[in-house]
Amino acid sequence: SLFVREQESISLLFKLIEHPDTDQQYELYKAVRQQFGRGGKKRMRHSIPPLVFGALDLIVRIVAKNCTNHPTISSQSSSSSSSISSPSLSSSSTANAKVRPRHVFIFIHQILSSAYANFYPESAINL
């Protein structure tokens, strides 16, 4: 249907929202969450998955950045896990990052909890 195609386009558009600074990326995701939250129950099915997976990817970026900023870990991991590091995650641009994986996990929990509590109250008890 047209509605489903439109929602899939929004999901693809969401994947284009990217910033090299993890703190800024987190702020962008929070702003998107506010907008997606206004979509209602019908759109939630399409809007929550890309937001949650984007937030999980952000956790990977934060952890990778922390590994590259740590002298012991970065020297050990540079040869064994070079696929984790990304050119956009230079230590100079992310050395003062404030967002931690815990913040992002809380963000994901809030997304899922509010979705279930607002739209599926009988399922919210299970969270």
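Reply: One definition is needed for what follows: buried means under 20% relative accessible area, exposed means over 50%, and partly exposed lies in between. The model is predicted.

Me: Is Lys-30 buried, exposed or partly exposed?

Reply: The relative accessibility of Lys-30 is 32%. Buried requires under 20% and exposed requires over 50%. Lys-30 therefore counts as partly exposed.

Me: Which residue forms a salt bridge with Lys-30?

Reply: Side chains of opposite charge can pair when their charged atoms come close. The closest N and O atoms of the pair with Lys-30 are 3.4 Å apart, and the cut-off is 4 Å. The partner of Lys-30 is Glu-27.

Me: How many salt bridges does the count come to?

Reply: The rule asks for a side-chain nitrogen of Lys or Arg within 4 Å of a carboxyl oxygen of Asp or Glu. Glu-27, which is partly exposed at 39% relative accessible area, forms such a bridge with Lys-30. The count comes to 1.

Me: What is the distance between the end C-alpha atoms of helix α2?

Reply: Helix α2 covers residues 22-37, which is 16 residues. The expected span is 1.5 Å times one less than the number of residues, so helix α2 should span 22 Å. The distance between its end C-alpha atoms agrees, at 22 Å.

Me: Which residue caps the N-terminal end of α2?

Reply: The cap involves the backbone nitrogen of Asp-23, and Asp-23 is one of the buried residues of α2. A side-chain oxygen of the capping residue lies 2.9 Å from that nitrogen. The capping residue is Asp-21.

Me: With which residues is Gln-7 in contact, leaving aside its neighbours within four places in sequence?

Reply: Gln-7 is found in helix α1, residues 2-15. Its relative accessible area is 7%, so Gln-7 is buried. Its contacts beyond those neighbours are Arg-43 and His-46.

Me: Is Leu-16 buried or exposed?

Reply: Leu-16 lies in the loop between α1 and α2. Together with Ile-10 and Leu-13, Leu-16 forms a nonpolar patch on the surface, with about 310 Å² of accessible area. At 68% relative accessibility, Leu-16 counts as exposed.

Me: How many helices does the chain have?

Reply: The chain has 127 residues, of which 29% are buried. There are 0 strands, and the pattern along the sequence is α-α-α-α-α-α-α. The number of helices is 7.

Notes:
Residues are numbered from 1 along each chain as its sequence is written. This is a predicted model: local features need pLDDT of at least 70, side-chain atom pairs count only at pLDDT 80 or more; totals for chains, interfaces and linings use all residues. Side-chain values use heavy atoms; hydrogens and water are left out. Helices (H or I, at least four residues) and strands (E, at least two) are DSSP runs, numbered from the N terminus. Buried means under 20% relative accessible area, exposed over 50%, partly exposed in between (1.4 Å probe, protein chains only). Contact means heavy atoms within 4.5 Å. A polar contact is a pair of N or O atoms within 3.5 Å; within protein, one must be able to donate a hydrogen and the other to accept it, and residues adjacent in sequence count only if both atoms are side-chain atoms. Patches are made of residues with over 30% relative accessible area and no salt bridge: like charges are joined within 9 Å, nonpolar side chains (Val, Leu, Ile, Met, Phe, Trp, Tyr) within 5 Å. Accessible areas come from the Shrake-Rupley method with a 1.4 Å probe; for residues, only the protein chains shown count as cover.
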